[in-house]
Amino acid sequence: SFRSTRTMLAAAKRVEHESRLHDERRRAERGKSLIVLVLHHLAQSGYVGSIEALQSESGVTLSQYEAADNVDLVSILQEWEDYYEFRFSRRAKLVKKLSAYSNRVDPHGPRASRRGVDAAAAASKPKQARPATKRETLSSVDDRDDGTVGGAGAAGRRARPTRGEGGPLTVRTAAARASP
């Protein structure tokens, strides 16, 4: 009984190991196929320098592999977008534009020295005051009897209505809130 359990555990581990190796081989094959498709797309688009760079970095060349006749990167992308729109009833968003102030975008281009550029940009960039929150804006109600909100840029806005002692909604100014 103990030996049979041990044998079954060993067989289960072996199957799990073989399954993991199979998944790793499939993932590597998928990556190689993707590189071949990208190389094929770059060749169709005329990006010779990019082809040479990708071939030297990946070790996969168009002389070794060729994309199948009925497959190209654009058609795969179109089919996936159609599937996504059918499945989720909205268009797929594949890329998003990064702002000029994002950490992932260098506004000075890819060739600029990061250390020197960051220090110069940080020194020359003016600090912006954060906008007031709704609570801060509402807490700046003036002592005027007209119930408008005081402070710069807030002239003419009404104070927040409140419900008093179970009665109707009323507008209370800071002076009215201070008195019982």
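**Aromatic rings, salt bridges and core**

Two aromatic pairs turn up in a search of the whole structure, where rings of Phe, Tyr and Trp (its six-membered ring) pair if their centres lie within 6.5 Å, and planes under 30 degrees apart count as stacked, over 60 as edge-to-face and the rest as tilted. Tryptophan 80 and tyrosine 84 are separated by about one helical turn because they stand four residues apart in helix α3; helices (H or I, at least four residues) and strands (E, at least two) are DSSP runs, numbered from the N terminus. Tyrosine 84, at 16% relative accessibility, counts as buried, while tryptophan 80, at 38%, counts as partly exposed. Here buried means under 20% relative accessible area, exposed over 50% and partly exposed in between (1.4 Å probe, protein chains only). Tyrosine 84 also pairs with phenylalanine 88: the ring centres are 4.7 Å apart and the planes are at 50 degrees, so this pair is tilted. Tyrosine 84 and phenylalanine 88 are again four residues apart in helix α3, about one helical turn. Phenylalanine 88 is partly exposed, with a relative accessible area of 41%. Trp80, Tyr84 and Phe88 together form one aromatic cluster.

The model is predicted: local features need pLDDT of at least 70, side-chain atom pairs count only at pLDDT 80 or more, and totals for chains, interfaces and linings use all residues. Residues are numbered from 1 along each chain as its sequence is written, and side-chain values use heavy atoms, with hydrogens and water left out.

What does tyrosine 84 touch beyond its neighbours within four places in sequence? Tyrosine 84 is in contact with Ser89, Arg90, Arg91 and Ala92, contact meaning heavy atoms within 4.5 Å. Of these residues, serine 89 is placed in the loop between α3 and α4. The phi angle of serine 89 is near 55 degrees, a positive value in a residue other than glycine. Serine 89 counts as exposed, at 66% relative accessibility.

Leu77, Trp80, Tyr83, Leu94 and Val95 make a nonpolar surface patch of about 510 Å². Patches are made of residues with over 30% relative accessible area and no salt bridge: like charges are joined within 9 Å, nonpolar side chains (Val, Leu, Ile, Met, Phe, Trp, Tyr) within 5 Å. Leucine 94, one of the patch residues, sits in the loop between α3 (73-88) and α4 (114-124). Its relative accessible area of 44% makes leucine 94 partly exposed.

Next come the charged side chains. Side chains of opposite charge can pair when their charged atoms come close. The count is two salt bridges, each a side-chain nitrogen of Lys or Arg within 4 Å of a carboxyl oxygen of Asp or Glu. Glutamate 16 bridges to arginine 20, with the closest N and O atoms 3.9 Å apart. Glutamate 16 and arginine 20 both lie in helix α1 (residues 2-45), four residues apart, about one turn of the helix. Glutamate 16 is partly exposed at 47%, and arginine 20 is partly exposed at 44%. The other salt bridge joins glutamate 29 and lysine 32, at 3.7 Å from N to O. Because glutamate 29 and lysine 32 are three residues apart in helix α1, about one helical turn separates them. Glutamate 29 is partly exposed at 43% relative accessibility, and lysine 32 is partly exposed at 24%.

The largest nonpolar core has five residues: Val36, Leu39, Leu42, Ile51 and Val60. The largest share of this core, three residues, comes from α1. A nonpolar core is a set of buried Ala, Val, Leu, Ile, Met, Phe, Trp, Tyr and Cys residues joined through side-chain atoms within 4.5 Å. Leucine 39 touches Ile51, Leu54, Gln55, Val60 and Leu62, residues up to four places away in sequence not being counted.

For the chain as a whole, there are six helices and two strands, in the order α-α-α-α-α-β-β-α from the N terminus. Of the 180 residues in the chain, 13% are buried. Among contacts between residues at least 6 apart in sequence, 31% join residues at least 24 apart. The chain exposes about 15400 Å², of which carbon and sulfur atoms supply 54%; accessible areas come from the Shrake-Rupley method with a 1.4 Å probe, and for residues only the protein chains shown count as cover.
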